[in-house]
There are 2 protein chains.
Amino acid sequence: MLELAILGLLQEAPMHGYELRKELAAKLGAIRAAISYGSLYPTLRRLQAAGWISEAAETPATAEEVPALTSRRGRVVYTITAEGKERFAQLIAQAGPETYDDTGFGVHFAFFARTDQATRLRILEGRRRKIEERREGLRDVLGRAAERLDAYTLELQRHGLEACEREVRWLEELIANERSGRAPTVPQPGTAGGRRDNDSPPPPGESRKERP
Amino acid sequence: MLELAILGLLQEAPMHGYELRKELAAKLGAIRAAISYGSLYPTLRRLQAAGWISEAAETPATAEEVPALTSRRGRVVYTITAEGKERFAQLIAQAGPETYDDTGFGVHFAFFARTDQATRLRILEGRRRKIEERREGLRDVLGRAAERLDAYTLELQRHGLEACEREVRWLEELIANERSGRAPTVPQPGTAGGRRDNDSPPPPGESRKERP
DNA sequence: CGTGCGATGTATCGGTCCGATACATCGCGG
DNA sequence: CCGCGATGTATCGGACCGATACATCGCACG
């Protein structure tokens, strides 16, 4: 999962570890708190060993203008390689069971802008199925085994059940939108058109290319 | 976390591993799928080494009546010890930072029936604080950094924000209930009074003792 | 003027937990 | 009578976390 997230982020811009962690926290803030360095750095080394990312000297341009101001530190900037982009595409397209658990789904979803519509649909439906199963399990417990459990445990299940029902509804909406070829809900008028240093062509369904 | 859950469950009845896993899944179904054996068995061994649980021969009574029917298998039944109960009480009362993350809070909440009211209140408020912080972080991203993110990532944050707001509201309700001395929401009329093999006295605030 | 503190930054270590896998028994239906 | 799903115990490698260590930078406060 971390591998996928790093590859995805580095596709937007080269970064060093600290930056990567912050961007990751911003992008996945809804899913998980913040990645630990104890995971991040070993993974970076692994990715580099596999040839999917590479270290690069920082200060890309304007290096001569500011020789020793901010650059005199051991910052290690990572850049994704061509093989890395292939690897990302492969990871994004293939869906294992871990694609549908909370974290896995979150990471995949966060990179839906780089995912083709068919895959998006497949993942959304897989996630929906999984949540529906969880929901049924909770309904079973709340129905059949209710007397065996205390009021607090019951309340916990009730709350979990509600969250499941809510997420299923959310997924239904997203699936419907996806099928109709539109971008995700809430068209967000006016505020579109931020910085967009996308090198790879935006996949279909992505409707955010600003009018220049 | 697993340690706490096992100690808590074994306080209700002696069990073997498989059963423990099932009960755990039923009790924590809203939080996590099912504990892996790769965690369960090593933890059981650790708890046993610490003297908090002990192996016991199964078939407590009626052992002579059915000599070789169901007993001829390597089932290992674990029982909590007096030290184990102390350990459980200690773990339940002391709240570290991990008490307020999703899994930790869920486990603590699932054993609220064995937790005194002051601790319940403290945990609920700690959890609320943590969720409020996450909520603020999401609001920040959705406000300040919205142009930097694509529509899908934005939608993910939006959904996460809604979940946070919902959970805060839920916690507020529980806290209010707790302060007023009542049991959790939805009094559940009639269906109370199931099997209740509680050896330890029910903590204050527990209002489920049926009127005989 | 200095000094200490919070943000930036890289890195490791031990520990927890998961997923895959192996293996054995039991009861039931075909 | 045979296979298959449920029951049951167990291990191994790997992913990820939390604590910790250490170094630099800029700035606020004395």
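Helices (H or I, at least four residues) and strands (E, at least two) are DSSP runs, numbered from the N terminus. This is a predicted model: local features need pLDDT of at least 70, side-chain atom pairs count only at pLDDT 80 or more, and totals for chains, interfaces and linings use all residues. Residues are numbered from 1 along each chain as its sequence is written, while chains are lettered from A and ligands numbered from 1 in the order in which they are written.

**View 1. The surface near DNA strand C.** H3(B) gives the most to this surface, with four residues. A residue is near the strand if its C-beta atom, placed from the backbone, lies within 6 Å of it. Among the 24 residues around DNA strand C, His16(A), Gly17(A), Gly38(A), Gly38(B) and Ser39(B) come nearest.

**View 2. The sheet of chain B.** Three strands form an open sheet in the order E1-E3-E2, with antiparallel pairing. Two strands pair if DSSP finds at least two bridges between them. The edge strands are E1 (15–16) and E2 (53–56) of chain B; each pairs on one side only. Four bridges join E2(B) to E3 (residues 77–80) of chain B. Ser54(B) has Thr79(B) as its bridge partner in E3(B).

**View 3. Contacts between H1(B) and H4(B).** Leu4(B), Leu7(B) and Gly8(B) in H1(B) meet Gly84(B), Arg87(B), Phe88(B) and Leu91(B) in H4(B). Two residues are in contact if their C-beta atoms, placed from the backbone, lie within 7 Å.
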